[in-house]
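Please open the structure in your viewer and keep the selection tool at hand. The tour moves from one selection to the next and states what is found at each stop.

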Amino acid sequence: MTELRFSAVKANGQIISGSLSANSYSEGKKKIQRLAVQNTLSIKSIEKRRTFLYKVQRGAEKAIFGEQKAFNRQEVTDAFTKLGYKIHYVRGKLIDYQGKPGMQDILMYVKISAELLDQKLPYGEILNLLINDTANKTLKETLKEINQELKKGTDPEQVFTRYQNVFGKFTAFMLGLAAKSGNMGEIYRATAKFLERRAEFKKNLKSALVTPIITLLVLFGAVLFYVMYIFPETANMFLRFGIELPPMTKGTLQASDFLMAHPILISLLVFGPLIGFFVFISTERGKYLKDKYMLRMPVIGNIVHKTAIEVFCRVFYTLYSGSAESITPLRISAEATDNKYFEDRIKRVAIPIMTKQGIGITDALEATGVFTDTAISRIHSGEETGNIKNSMLQLANYYESETVYKLKNIIELVQVIIAMVIMLVMTALTVVSAETATVSPKPPGTQNKEIFLDKQNAQWSIQDWKLLTRSDIPFYEKV
């Protein structure tokens, strides 16, 4: 998140200042401008909090180099001057970019925090330990800032929400909620389990879909390069000497000539749809349709669907505290599935009919059409017995076991299929290449005679003619 600080003048001449957070500088600037219009303010300045590099020294001590975030250079200079440091330089960092920490780094932070909370260690001490031991620079700086904000007494939910671009929207919400709840350890454990399952599922899905697609694209590129550049060199050599080509060699050469003659058309046909597809699914509508039809894909769609239900049930189990507080858990659980279509059905169907018509959770979820019959049956049973929380946990554990087993089998099947495709392609290339061994050139005398008869229409170099007229070299060596 980008932090901005502004100063403005009220209509009576009073100078005020304030700060806010936004996803980008332009978005934050628009927020400040709207605020100025609503409250009749005249904006004097807008400053962005950024990173400054410094070199300072106190007395005869060794000079200290480091980084410090501030709204302007003078803030950093004043802070070190008050501490008795001599300022060598303070300058803005040229490239102030911090990448998002990896999933494993965030998972480590949440998991270790959960274990230490179970040991009754104060959360402030946990943050200090993790700040010292965290290798990821972005996460380390984020934890430092969170620790400072919490010490000032800032609302934990607001603090973690400010860093949702680092932790992710759902994780930031859960960590902020945990800091305010009386059961911090349990929420951290549940969040760690959620992050583990998401990381594991993405890894397995990558093995089942992404890796095979990349493998096939690389294979396609290698075949294209062979057909367009390597194979024609051999085939054209036979044509130069008037040798008739076998059928497959001839067809492959014609295909190569077509590809070489229309490179732009071929590129548009191959890469145009791919680029268009990826651009479309980056839009909100594209994400919605992608997630919708992902659930309906053969084989893999069933696993994606049940994994979404598993995540929903697991998060709902963590947040649910009674029928009177079911709307917020439903909304957060839907967002945690990371499926726009699933989330939309919960927010647009289930929640409205629960609030307007007062129907139960089971009927509301069934109306969405995104829950399986098994899931609806278990939720209904839990609602009737008043133990819906445990029913959600049982359902999450059941679908976890099922999807892990099925996805492992799919990965093995996909690997076999990819191996067979590679084998078939390599076999086809070998057969086409080996066909040139069946070429039978005409007897040397006949061949030379035909070449000389067609001398006026052929284009030969002097070296070619000298080679062909030498009698001490067999014909097959001349070819």
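Select D118 to begin: this residue is partly exposed, with a relative accessible area of 40% (buried means under 20%, exposed over 50%, and partly exposed in between, with a 1.4 Å probe and protein chains only). The model is a predicted one, in which local features need pLDDT of at least 70 and side-chain atom pairs count only at pLDDT 80 or more, while totals for chains, interfaces and linings use all residues. Residues are numbered from 1 along each chain as its sequence is written, and side-chain values use heavy atoms, with hydrogens and water left out.

D118 and R189 form a salt bridge, with their closest N and O atoms 2.6 Å apart (a salt bridge is a side-chain nitrogen of Lys or Arg within 4 Å of a carboxyl oxygen of Asp or Glu). This pair links distant parts of the chain, since D118 belongs to helix α3 (residues 103-118) and R189 to helix α9, 71 residues apart. Helices (H or I, at least four residues) and strands (E, at least two) are DSSP runs, numbered from the N terminus. R189 also counts as partly exposed, at 39% relative accessibility.

Next, select E75 and R5. Their salt bridge brings the closest N and O atoms to 2.6 Å apart. Here, too, distant parts of the chain are linked: E75 is in helix α2 (residues 73-82) and R5 in strand β1 (residues 2-9), 70 residues apart. E75 is partly exposed at 29% relative accessible area, and R5 is partly exposed at 26%.

Move to helix α15 (residues 340-357), where R348 and D344 lie four residues apart, about one turn of the helix. Their side chains meet in a salt bridge of 2.5 Å, N to O. R348 is exposed, with a relative accessible area of 64%.

Which residues are linked in a network of salt bridges? Select K193, R197, E200, E310, R314 and E400 to display this network. The whole structure contains 24 salt bridges.

The next stop concerns strands. Select strand β4 (residues 50-57) and strand β5 (residues 64-70), which pair in the antiparallel sense over seven bridges (two strands pair if DSSP finds at least two bridges between them). Within this pairing, L53 stands opposite E67 in β5. Six residues lie between the strands of this hairpin, and G59 takes a positive phi near 65° there. The bridge partner of F52 in β6 is G92.

Finally, turn to the surface. Select I213, L217, F271, L274, I275, F277, F278 and V279, a nonpolar patch with about 810 Å² of accessible area together. Patches are made of residues with over 30% relative accessible area and no salt bridge, like charges being joined within 9 Å and nonpolar side chains (Val, Leu, Ile, Met, Phe, Trp, Tyr) within 5 Å. Accessible areas come from the Shrake-Rupley method with a 1.4 Å probe, and for residues only the protein chains shown count as cover. Helix α11 gives the largest share of the patch, six residues. F271, found in helix α11, is partly exposed at 49% relative accessible area.
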